[in-house]
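Welcome! Please take a moment to turn the model around on your screen, and then let us walk through it together.

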Amino acid sequence: MRYLGNKTKLLSFIESVIEKYHIEGEVFADLFAGTGSVGDYFKDRYQVIANDYMGYSSVLCKAKLWNMQTPKFSKFKKQYYSSPFDWLNEKRYDPQDNFFIYKNYTPQADRMYLTEENAIKIDGMRLDIEELYRGEMLEEEEYAFLLASLLESVLKVSNTSGTYQAYFKFWEQRSLKSFVLEPLEMCRAYRPIWPGAENQVYNENTNALVRRISGDIAYIDPPYTTTQYTNSYHLLETIARYDYPEIFGKTGRRVNREFSGYSNKQQAIVEFEDLFRQLDFEHVLVSYSNQSIVSLQDLVRLAELFAVDHKVYVETNDYREYATNNLSYKGSEEHLKEALIYFRKDRSINKSPLNYSGSKDVVLPLLFKQLPKHVGTFVDAMGGAFNVGANVVATEKVVYYEYNPYVYGIVDMLVKVPPEELIAQVNGLVAQFDLHKKDKEAYLKLRAAYNENKSPLYLFTLQIYAFQNMIRFNSSQQMNTPVGNNEWNEGTRDRILNFRVKAPSCELRCERYEELLEKIESFPRDTVFYFDPPYFITNAEYNDGKRGLDGWDATKEAALLQFLLKLHEKGYRFMLSNVLEHNGKEHHVLKEWIESHYFRVTEIGVTGIKYPRKEVVITNYEAI
């Protein structure tokens, strides 16, 4: 099939890279599927998820992925004693007023995409296929196969160089052939790799879809250049949808059409950033070209931010350049080299070693789905144990704010002290005070020692053994939490070893969030501010104001909402975690505030064991 970016000749290369890096899995996603050639090739060894934002592509993918082989068309043959291909090819069609292709893409409309004779057949067959499906003569997969066969057959008589951005001003020999509907070519037959394993086909924006799907291997083959597929294949799109669209211009393009950000020089790198951040697949393969609008080097550097241990591998393969009429963005001197980038996606959530009330580690995957496409700087404005900010992949840096000096001191230590060294220090302290689970006497000795010198190491060790891991102080700023039912164990040691800040750079500030406003102009416009305040309508130790530090009340809640409005007015993006309803109570002020300013609310899950609550995230932007 003549198609821009078709990977048919690169299938063995893709396969060789999978074998070289011992990539294993059961679910393979072809996220920019095009003609479906990649999914078709691998469908005998994986369950395949295929997606493309173009409607005709989804038809081709359904035909190839829903059929184990050419369909039998049993119902049709029983009724008509013929295959649908013979029946449709032998049928005589006359022009009708509702024949959209004939009316708009032939000399009837001063366009020369198709001869009038061929367009009449295409219109007639397209409507007949729809009628046969409506009359239950075709199963879903048979309908897709027939329609895909029509699309592929249209390409064989189109009076173009391969795309529909323009047509020849003369009748090219191929276009003068009489239209014949031929069965779609498929790579191979297959059987589901396990009982009930069904291939899935989507027709969506890929960046939106990946927020809802997961699997083992993601293959990414986005547009390379500024050429928009919605313009290049508008005629196939209209045949597939047959929706009588409003069209315009010399070429008859569809008025209502979606443009891909991957074909926009300013947006492409941001689209990739969002895609890499949201992918929930272990193995990622990116097919890309050194003649694309994003350089290979920039793409690899971006991938390194999201890769396990920042390791990204690049394999290259020479490949013939596909000619289009958009030559201004093609490298005229450098031969096209196809690159296949491979990395393992870092999907880990590295929970902070500090056990602290209100931590978000459980809901982070859902919370991160609400991040905007681009996150240059991320400000964790009420950082607490630093679970959120440490796990966000910002392209530039993460800034941690925490006004509680005791919590700040522990986080500062966790970030700056090498893990092995910190573990050794805690081991030494446990041995020095002979700490054991429920050992009140040893615990009180350590607590007394901490209250003398206020060492972050002592406090961190104390909270490990403290009641419910609570950090609580009296009015004299003396740590007074009683001993609990916990101990220094392998799990906490592992959390120390795994805890790291995923962004390239990190700043820690022991300040209140209110001080941000005075420094706001120092933050770039691509900053995202995240706020996780104590929840006003819940009852828990962390917001009761009885631990030697400020509590959280209606005045403080109102001040925060006012602060967020100032951020909004200055054009910055914010995320606010909160609770709208809890134990029969409603947060009336917050609900009114959201509705008044048209902010977006997304439910992200239930957190808290002792005080379970249904959490939401409120944003002043659309995530996708």
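A residue is called buried when its relative accessible area is under 20%, exposed when it is over 50%, and partly exposed in between, using a 1.4 Å probe and protein chains only. Before we use those words, a note on what you are looking at: this is a predicted model, in which local features need pLDDT of at least 70 and side-chain atom pairs count only at pLDDT 80 or more, while totals for chains, interfaces and linings use all residues. Residues are numbered from 1 along each chain as its sequence is written, and side-chain values use heavy atoms, with hydrogens and water left out.

Let us begin with the whole protein. Its C-alpha trace spans about 95 × 55 × 55 Å along the principal axes. Of the 624 residues, 57% are buried. The secondary structure comes to 22 helices and 18 strands; these are DSSP runs numbered from the N terminus, with helices being H or I of at least four residues and strands being E of at least two. A contact means heavy atoms within 4.5 Å. Among contacts with a separation of 6 or more, 72% are between residues 24 or more positions apart.

Now look at helix 1, which covers residues 11-20. Its buried residues are Leu11, Phe13, Ile14, Glu15, Val17 and Ile18. An α-helix has 3.6 residues a turn, so residues three or four places apart point the same way. After helix 1 comes His22, with a positive phi near 50 degrees.

Asp309 is not a glycine, yet its phi is positive, about 55 degrees. His310, not a glycine either, has a positive phi of about 60 degrees. Asp309 is found in the loop between helix 13 (296-306) and strand 8 (313-318), and His310 lies in the loop between helix 13 and strand 8 as well. Is each one buried or exposed? Asp309 is exposed, with a relative accessible area of 55%, whereas His310 is partly exposed at 40%.

Aromatic rings are our next stop. A pair of aromatic rings is described by the distance of the centres and the angle of the planes. Rings of Phe, Tyr and Trp (its six-membered ring) pair if their centres lie within 6.5 Å; planes under 30 degrees apart count as stacked, over 60 as edge-to-face, and the rest as tilted. The structure holds 45 aromatic pairs. In one of them, the ring centres of Phe28 and Phe42 are 5.1 Å apart and the planes meet at 25 degrees, so this pair is stacked. Because Phe28 lies in strand 1 (residues 27-30) and Phe42 in helix 2 (residues 37-42), the pair ties together parts that are 14 residues apart in sequence. Phe28 is buried at 0% relative accessible area, and Phe42 is buried at 1%.

Tyr56 and Tyr233 give a tilted example, at 5.8 Å centre to centre and 50 degrees between the planes. Tyr56 lies in helix 3 (residues 55-65) and Tyr233 in the loop between helix 10 (229-232) and helix 11 (234-241), so the pair ties together parts that are 177 residues apart in sequence. Both Tyr56 and Tyr233 are buried. Over the face of Tyr167 lies Lys169, at 5.1 Å from the ring centre; a charge sits over a ring if NZ of Lys or CZ of Arg is within 6 Å of the ring centre and within 35 degrees of the ring normal.

Thr251 is found in the loop between strand 5 (247-248) and strand 6 (253-254), and is buried at 14%. Leaving aside neighbours within four places in sequence, Thr251 is in contact with Tyr105, Arg111, Tyr113, Gln165, Ala166 and His234.

Finally, what about disulfides, meaning pairs of cysteine sulfur atoms within 2.5 Å? The structure holds zero of them. Cys61 is in no disulfide, and the nearest cysteine sulfur, that of Cys187, is 13 Å away, which is too far for a bond. Cys61 counts as buried at 1% relative accessibility, whereas Cys187 counts as partly exposed at 39%.

Technical notes
Disulfide = S-S within 2.5 Å.
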